[in-house]
Number of protein chains: 2
Amino acid sequence: MIAGMSHEPARASAIADLMRAGREMSRLSMVFRYAIAERLGLTVSDLECLDYLADVGSATAGQVAERTNLTTGAVTSMLRRLQQAGYVTAERDPADRRRVIVTLRPERVAELKRPYERFAERAERLVEGYSVEELMLLVRHYDRMQAMYLAELDGLPSR
Amino acid sequence: MIAGMSHEPARASAIADLMRAGREMSRLSMVFRYAIAERLGLTVSDLECLDYLADVGSATAGQVAERTNLTTGAVTSMLRRLQQAGYVTAERDPADRRRVIVTLRPERVAELKRPYERFAERAERLVEGYSVEELMLLVRHYDRMQAMYLAELDGLPSR
DNA sequence: TGCGAATATCTTAATGACTAAGATGATTTG
DNA sequence: CAAATCATCTTAGTCATTAAGATATTCGCA
């Protein structure tokens, strides 16, 4: 028996609320992703690839495959698709001519970010009222959740 | 100029961290979802449908279509698939014989929940150290984020 | 009551992203 | 230099999905 036992019901229900809210968030973020991709006339994999490239600038085809969980064959056709649509350039790495280096066209970045902009603005407004401590709590929690996901994905039979 | 101006840099970087962490969380939760579906030999849509039915017990084919963002045609074949695999039963609504009522077979629920169990355990352990106040802050934040997603999805040209 | 509109699901044909397997070409290693 | 390894590409086939329209049922209104 611990002190604060009387708080346990509130605690348990808060935890249940958190779990439920977490699941719903995950679902909605996925629906949102699909909606953004559709709006841009892209598949979710395309968007994943472009988001990744927006982060890292450029990457090899193999790195894209790993990031998107696609086979190299699927990446080949995805890159052809994205090249044709003018989103990326792809060229052999002169240093290792087996590799293909994929680069996001800088002039298309703004266009890709646009659908997220309103979202980002809303998010900024949402956290306006948060204290630095609260923000840090959230960040810490997200980081732990990330670690959890990674650990869990490790544990799942990959294929 | 406000008091606490000197906190602004810490604040700004905390906000930036939060945004980045949020994006990564969203991505990982999606990867996780794909992994679970694959493990069960289902598509993500199948999983979405079954999760929904686990929540509500049973629903009409049309409700499933709306929830999963699929056309009615796609739902028809998905339900045939899930019926054949023994996950759901489907029968005409006697009250309105146009409708089809889909029900998750109770004996398959445990099997569907199993992949999430380890995850849930980890999550429980993760929040063990949180105070009730912290938990409530997280829930409130998630709820606001949900509202944001919904508002944003509303604004996007649906199709 | 009965008839046209609306509703819910199903069918069909076609599309396209994706996978598996193996080919091709480049690089590394012994 | 030959064999092994690596990175990407090709090919053939699969399967979930869509669009368009068919079918069956219910609702609304004269």
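**Close-up views of a predicted two-chain model**

**Figure 1. Pairing of β2 and β3 in chain B.** E91(B) stands opposite I101(B) of β3(B). Strand β3 of chain B covers residues 100-104 and pairs with β2(B) in the antiparallel sense over 5 bridges. Two strands count as paired if DSSP finds at least two bridges between them. Helices (H or I, at least four residues) and strands (E, at least two) are DSSP runs, numbered from the N terminus. The model is predicted: local features need pLDDT of at least 70, side-chain atom pairs count only at pLDDT 80 or more, and totals for chains, interfaces and linings use all residues. Residues are numbered from 1 along each chain as its sequence is written, chains are lettered from A and ligands numbered from 1 in the order in which they are written, and side-chain values use heavy atoms, with hydrogens and water left out.

Figure 2. Contact means heavy atoms within 4.5 Å.

**Figure 3. Residue pairs in the sheet of chain A.** In chain A, an open sheet of 3 strands has the order β1-β3-β2, paired antiparallel. β1(A) and β3 (residues 100-104) of chain A run antiparallel and are joined by 3 bridges. Along this pair, T60(A) stands opposite I101(A), and S58(A) stands opposite T103(A). Between β2(A) and β3(A), also antiparallel, there are 5 bridges; V88(A) stands opposite L104(A) in β3(A).

**Figure 4. Surroundings of V88(B) in the nonpolar core.** The largest nonpolar core has 88 residues, and L50(A), L82(A), V88(A), L50(B), L82(B) and V88(B) have the most contacts inside it. Such a core is a set of buried Ala, Val, Leu, Ile, Met, Phe, Trp, Tyr and Cys residues joined through side-chain atoms within 4.5 Å, where buried means under 20% relative accessible area (1.4 Å probe, protein chains only). Leaving aside neighbours within four places in sequence, V88(B) is in contact with residues including L50(B), L53(B), L79(B), L82(B) and V102(B).

Figure 5. A rotation of 180° with 0.0 Å of shift along its axis superposes chain A on chain B (RMSD 0.1 Å). The two copies are thus related as by a two-fold rotation axis. Superposition is by least squares on the C-alpha atoms of residues with pLDDT of at least 70 in both copies. Chain A and chain B each give 63 residues to the contact. About 6,800 Å² is buried between the chains, and carbon and sulfur atoms give 69% of this area. Y142(A), Y149(A) and E152(A) lose the most area in chain A to chain B, together 10% of what that side buries. Buried area is the accessible area (1.4 Å probe) that two parts lose on being put together, summed over both. Of the interface residues of chain A, 100% are also interface residues in chain B, so the copies meet through the same surface.

Definitions and conventions:
Buried means under 20% relative accessible area, exposed over 50%, partly exposed in between (1.4 Å probe, protein chains only).
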